[in-house]
Amino acid sequence: MSVPPSANADRIAALREQVRAITATPAGMGRPALPFGVPEIDRRLADRGLATTAVHEVAGATCAIADDVAATLFVAGVAARAGDARANMLWAFGRRDLFAPGLAQAGLGPNRLIHAEAGRDPDILAVMEEGLRHGGLGAVIGEVGRAGMTATRRLQLAAEEGGTIALLLRRWRRGGADPLAEPSAAVTRWRIASLPSAPLPVEGIGRSRWRLDLVRQRGGEPFSCIMGGCDAEGHLALLAEPDGGSVAADDARRDAA
(Lines give C-alpha, C1' and ligand atoms only; values in the text may rest on other atoms or scores of the structure.)
Protein backbone atom coordinates (compact mmCIF):
# COMPACT_ATOMS: atom_id res chain seq x y z
CA MET A 1 0.00 0.00 0.00
CA SER A 2 1.45 3.37 -1.03
CA VAL A 3 1.94 6.15 1.52
CA PRO A 4 0.41 9.55 0.66
CA PRO A 5 3.04 12.23 -0.16
CA SER A 6 1.67 14.44 2.65
CA ALA A 7 2.35 11.66 5.17
CA ASN A 8 5.95 11.36 3.97
CA ALA A 9 6.41 15.13 4.26
CA ASP A 10 5.02 15.12 7.81
CA ARG A 11 7.29 12.22 8.74
CA ILE A 12 10.38 14.00 7.35
CA ALA A 13 9.45 17.19 9.21
CA ALA A 14 9.04 15.22 12.46
CA LEU A 15 12.43 13.55 12.00
CA ARG A 16 14.07 16.90 11.40
CA GLU A 17 12.61 18.25 14.63
CA GLN A 18 13.88 15.19 16.50
CA VAL A 19 17.40 15.67 15.12
CA ARG A 20 17.29 19.38 15.97
CA ALA A 21 16.15 18.59 19.51
CA ILE A 22 18.95 16.05 19.96
CA THR A 23 21.68 18.31 18.60
CA ALA A 24 20.43 21.58 20.08
CA THR A 25 22.54 23.16 22.79
CA PRO A 26 20.68 23.11 26.14
CA ALA A 27 19.72 26.48 27.57
CA GLY A 28 22.54 28.03 29.59
CA MET A 29 25.19 25.71 28.07
CA GLY A 30 27.47 25.94 25.06
CA ARG A 31 27.64 29.02 22.87
CA PRO A 32 25.13 31.78 23.63
CA ALA A 33 22.95 33.39 20.99
CA LEU A 34 21.66 36.88 20.24
CA PRO A 35 17.95 36.61 19.35
CA PHE A 36 16.26 39.05 17.02
CA GLY A 37 13.34 39.27 19.43
CA VAL A 38 10.93 38.14 16.70
CA PRO A 39 9.74 34.60 17.55
CA GLU A 40 8.82 33.80 13.96
CA ILE A 41 12.46 34.39 13.00
CA ASP A 42 14.31 33.12 16.06
CA ARG A 43 12.58 29.73 15.99
CA ARG A 44 13.85 29.19 12.44
CA LEU A 45 17.48 29.71 13.49
CA ALA A 46 19.42 26.67 14.68
CA ASP A 47 20.75 28.60 17.70
CA ARG A 48 17.43 30.42 18.26
CA GLY A 49 19.31 33.57 17.37
CA LEU A 50 22.73 34.52 16.04
CA ALA A 51 25.53 32.63 17.78
CA THR A 52 27.62 35.26 19.58
CA THR A 53 30.90 33.32 19.28
CA ALA A 54 30.70 32.87 15.52
CA VAL A 55 31.09 34.50 12.12
CA HIS A 56 28.01 35.74 10.26
CA GLU A 57 28.14 37.01 6.68
CA VAL A 58 25.84 39.66 5.21
CA ALA A 59 25.64 41.03 1.66
CA GLY A 60 23.28 43.18 -0.33
CA ALA A 61 21.04 41.20 -2.64
CA THR A 62 22.43 43.16 -5.59
CA CYS A 63 25.10 45.79 -6.22
CA ALA A 64 22.42 48.53 -6.02
CA ILE A 65 23.17 51.23 -3.46
CA ALA A 66 19.79 50.67 -1.74
CA ASP A 67 20.62 47.01 -1.07
CA ASP A 68 24.12 47.93 0.09
CA VAL A 69 22.66 50.41 2.58
CA ALA A 70 20.10 47.87 3.82
CA ALA A 71 22.85 45.29 4.42
CA THR A 72 24.97 47.88 6.26
CA LEU A 73 22.10 48.91 8.53
CA PHE A 74 21.19 45.27 9.18
CA VAL A 75 24.75 44.68 10.41
CA ALA A 76 24.66 47.88 12.47
CA GLY A 77 21.42 46.78 14.13
CA VAL A 78 22.85 43.39 15.09
CA ALA A 79 26.01 45.02 16.47
CA ALA A 80 23.96 47.55 18.44
CA ARG A 81 22.25 44.75 20.34
CA ALA A 82 25.39 42.68 20.91
CA GLY A 83 27.38 42.65 24.13
CA ASP A 84 26.99 45.01 27.04
CA ALA A 85 25.12 48.27 26.44
CA ARG A 86 28.39 50.14 27.05
CA ALA A 87 30.58 47.82 24.96
CA ASN A 88 32.53 49.30 22.08
CA MET A 89 32.31 47.94 18.53
CA LEU A 90 35.18 47.69 16.08
CA TRP A 91 34.35 48.44 12.43
CA ALA A 92 37.18 47.77 9.95
CA PHE A 93 36.85 49.04 6.39
CA GLY A 94 38.78 49.96 3.28
CA ARG A 95 37.17 53.29 2.45
CA ARG A 96 35.50 56.02 4.46
CA ASP A 97 31.87 55.80 3.37
CA LEU A 98 30.05 55.05 6.64
CA PHE A 99 27.24 57.53 7.40
CA ALA A 100 27.26 58.07 11.15
CA PRO A 101 23.69 59.47 11.47
CA GLY A 102 22.34 56.46 9.59
CA LEU A 103 24.17 54.02 11.87
CA ALA A 104 22.87 55.93 14.90
CA GLN A 105 19.30 55.54 13.63
CA ALA A 106 19.93 51.77 13.60
CA GLY A 107 21.06 51.89 17.24
CA LEU A 108 24.83 52.13 16.75
CA GLY A 109 25.87 55.56 18.01
CA PRO A 110 29.32 57.10 17.36
CA ASN A 111 30.21 56.91 21.06
CA ARG A 112 30.33 53.09 20.82
CA LEU A 113 32.11 52.76 17.48
CA ILE A 114 35.85 52.35 16.86
CA HIS A 115 36.82 52.90 13.20
CA ALA A 116 39.78 51.09 11.67
CA GLU A 117 40.71 52.06 8.11
CA ALA A 118 42.78 49.10 6.96
CA GLY A 119 42.78 49.36 3.16
CA ARG A 120 43.06 45.94 1.53
CA ASP A 121 40.87 42.92 2.32
CA PRO A 122 43.72 40.88 3.92
CA ASP A 123 44.52 43.80 6.23
CA ILE A 124 40.86 44.21 7.20
CA LEU A 125 40.62 40.50 8.01
CA ALA A 126 43.79 40.73 10.13
CA VAL A 127 42.36 43.67 12.09
CA MET A 128 39.14 41.74 12.64
CA GLU A 129 41.05 38.72 13.91
CA GLU A 130 42.98 40.81 16.44
CA GLY A 131 39.80 42.52 17.59
CA LEU A 132 38.01 39.22 18.06
CA ARG A 133 40.85 37.71 20.07
CA HIS A 134 40.91 40.78 22.34
CA GLY A 135 37.66 39.62 23.93
CA GLY A 136 36.62 43.03 25.23
CA LEU A 137 34.51 44.24 22.32
CA GLY A 138 30.79 43.87 21.85
CA ALA A 139 31.13 43.00 18.17
CA VAL A 140 33.68 43.14 15.36
CA ILE A 141 32.54 44.20 11.90
CA GLY A 142 34.58 44.08 8.71
CA GLU A 143 33.85 45.16 5.13
CA VAL A 144 35.52 42.97 2.52
CA GLY A 145 35.01 41.87 -1.05
CA ARG A 146 36.76 38.50 -0.76
CA ALA A 147 37.23 36.20 2.22
CA GLY A 148 37.86 32.55 1.47
CA MET A 149 37.45 29.44 3.57
CA THR A 150 40.85 29.77 5.27
CA ALA A 151 40.25 33.40 6.27
CA THR A 152 36.75 32.77 7.60
CA ARG A 153 37.94 29.71 9.54
CA ARG A 154 40.56 31.90 11.22
CA LEU A 155 37.87 34.43 12.09
CA GLN A 156 35.66 31.67 13.48
CA LEU A 157 38.45 30.42 15.73
CA ALA A 158 39.16 33.98 16.88
CA ALA A 159 35.47 34.59 17.62
CA GLU A 160 35.33 31.43 19.73
CA GLU A 161 38.53 32.33 21.54
CA GLY A 162 37.45 35.90 22.35
CA GLY A 163 33.75 35.15 22.85
CA THR A 164 32.82 37.89 20.38
CA ILE A 165 30.43 37.95 17.45
CA ALA A 166 32.02 38.59 14.02
CA LEU A 167 29.93 40.31 11.33
CA LEU A 168 31.44 40.12 7.86
CA LEU A 169 29.87 42.65 5.49
CA ARG A 170 30.58 41.33 2.00
CA ARG A 171 30.75 44.19 -0.51
CA TRP A 172 30.01 43.86 -4.21
CA ARG A 173 33.10 44.63 -6.30
CA ARG A 174 33.71 45.51 -9.93
CA GLY A 175 32.60 42.82 -12.33
CA GLY A 176 29.42 42.01 -10.42
CA ALA A 177 30.68 38.76 -8.86
CA ASP A 178 28.33 37.49 -6.16
CA PRO A 179 30.14 38.13 -2.83
CA LEU A 180 28.56 35.03 -1.28
CA ALA A 181 29.53 32.71 -4.13
CA GLU A 182 32.79 31.46 -2.63
CA PRO A 183 32.72 28.85 0.18
CA SER A 184 32.87 30.15 3.73
CA ALA A 185 33.06 28.92 7.32
CA ALA A 186 30.41 31.44 8.43
CA VAL A 187 27.65 30.00 10.61
CA THR A 188 24.98 32.06 8.81
CA ARG A 189 24.97 33.82 5.43
CA TRP A 190 22.39 36.53 4.69
CA ARG A 191 21.27 38.51 1.64
CA ILE A 192 19.41 41.76 2.28
CA ALA A 193 17.26 43.52 -0.32
CA SER A 194 15.67 46.94 0.03
CA LEU A 195 11.92 47.10 -0.68
CA PRO A 196 9.49 50.03 -0.94
CA SER A 197 8.89 51.50 2.51
CA ALA A 198 5.80 50.60 4.52
CA PRO A 199 2.76 52.67 3.42
CA LEU A 200 1.38 55.35 5.73
CA PRO A 201 -2.23 56.56 6.08
CA VAL A 202 -0.95 60.08 5.36
CA GLU A 203 1.69 61.52 3.06
CA GLY A 204 5.23 60.75 4.12
CA ILE A 205 7.89 58.06 4.19
CA GLY A 206 7.09 54.98 6.23
CA ARG A 207 9.41 52.53 7.93
CA SER A 208 11.98 50.96 5.63
CA ARG A 209 11.30 47.39 4.52
CA TRP A 210 13.83 44.69 3.75
CA ARG A 211 13.69 41.19 2.35
CA LEU A 212 15.94 38.93 4.42
CA ASP A 213 17.17 35.75 2.75
CA LEU A 214 19.04 33.42 5.05
CA VAL A 215 20.68 31.47 2.24
CA ARG A 216 22.67 29.15 4.49
CA GLN A 217 22.91 28.30 8.18
CA ARG A 218 24.84 25.59 9.94
CA GLY A 219 22.43 23.06 11.42
CA GLY A 220 19.27 24.59 9.99
CA GLU A 221 17.26 25.36 6.87
CA PRO A 222 17.33 28.54 4.75
CA PHE A 223 14.32 30.85 4.80
CA SER A 224 13.12 34.27 3.69
CA CYS A 225 10.95 36.96 5.24
CA ILE A 226 9.91 40.59 4.89
CA MET A 227 11.01 42.78 7.79
CA GLY A 228 10.70 46.37 8.88
CA GLY A 229 14.14 47.99 9.06
CA CYS A 230 16.06 48.58 12.29
CA ASP A 231 14.65 51.03 14.81
CA ALA A 232 16.73 53.26 17.10
CA GLU A 233 17.62 50.25 19.27
CA GLY A 234 18.57 47.93 16.42
CA HIS A 235 15.34 45.90 16.48
CA LEU A 236 13.54 44.63 13.38
CA ALA A 237 9.77 44.29 12.94
CA LEU A 238 8.09 41.36 11.20
CA LEU A 239 5.90 42.57 8.33
CA ALA A 240 5.20 39.23 6.62
CA GLU A 241 5.45 35.58 7.55
CA PRO A 242 8.51 33.57 6.43
CA ASP A 243 7.95 31.97 3.05
CA GLY A 244 8.05 28.35 4.19
CA GLY A 245 11.80 27.93 4.27
CA SER A 246 12.72 28.13 0.63
CA VAL A 247 15.13 30.31 -1.28
CA ALA A 248 16.05 30.33 -4.94
CA ALA A 249 17.31 26.97 -6.12
CA ASP A 250 20.54 28.42 -7.44
CA ASP A 251 21.22 29.97 -4.01
CA ALA A 252 20.70 26.62 -2.29
CA ARG A 253 23.02 24.81 -4.70
CA ARG A 254 25.67 27.51 -4.57
CA ASP A 255 25.79 27.72 -0.76
CA ALA A 256 25.50 23.99 -0.06
CA ALA A 257 29.28 23.83 -0.03
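I took a cavity to be a set of points, on a 1 Å grid over the protein atoms alone, where a 1.4 Å probe fits but cannot get out. The model is predicted, so I kept local features at pLDDT of at least 70 and side-chain atom pairs at pLDDT 80 or more, with totals for chains, interfaces and linings using all residues. Residues are numbered from 1 along each chain as its sequence is written, and side-chain values use heavy atoms, without hydrogens and water.

**Cavity.** I found one cavity of 30 Å³ or more. The largest cavity holds about 50 Å³, a volume being the space filled by probe spheres set on the points, which are joined across faces, edges and corners. I listed its lining (residues with an atom within 4 Å of a point); among them are Leu45, Asp47, His56, Val187 and Arg218.

**Gln156.** I placed Gln156 in helix α6, residues 149–162 (a DSSP run of H or I, at least four residues; strands are E, at least two). Gln156 is buried at 5% relative accessible area (buried is under 20%, with a 1.4 Å probe and protein chains only). Leaving out residues up to four places away in sequence, I noted that Gln156 touches Thr53, Ala54, Val55, Ala185 and Val187 (contact is heavy atoms within 4.5 Å). Val187 also lines the largest cavity.

**Leu113.** I placed Leu113 in strand β5, residues 113–117. Leu113 is buried too, at 11%. With residues up to four places away in sequence not counted, Leu113 touches Met89, Trp91, Leu103 and Leu108. I read the C-alpha distance from Leu113 to Met89 as 4.9 Å, across 24 residues of sequence.

Technical notes. On a 1 Å grid over the protein atoms alone, a cavity is a set of points where a 1.4 Å probe fits but cannot get out, and a pocket is an open set with protein on both sides within 12 Å along at least five of seven lines; lining residues have an atom within 4 Å of a point. Buried means under 20% relative accessible area, exposed over 50%, partly exposed in between (1.4 Å probe, protein chains only).
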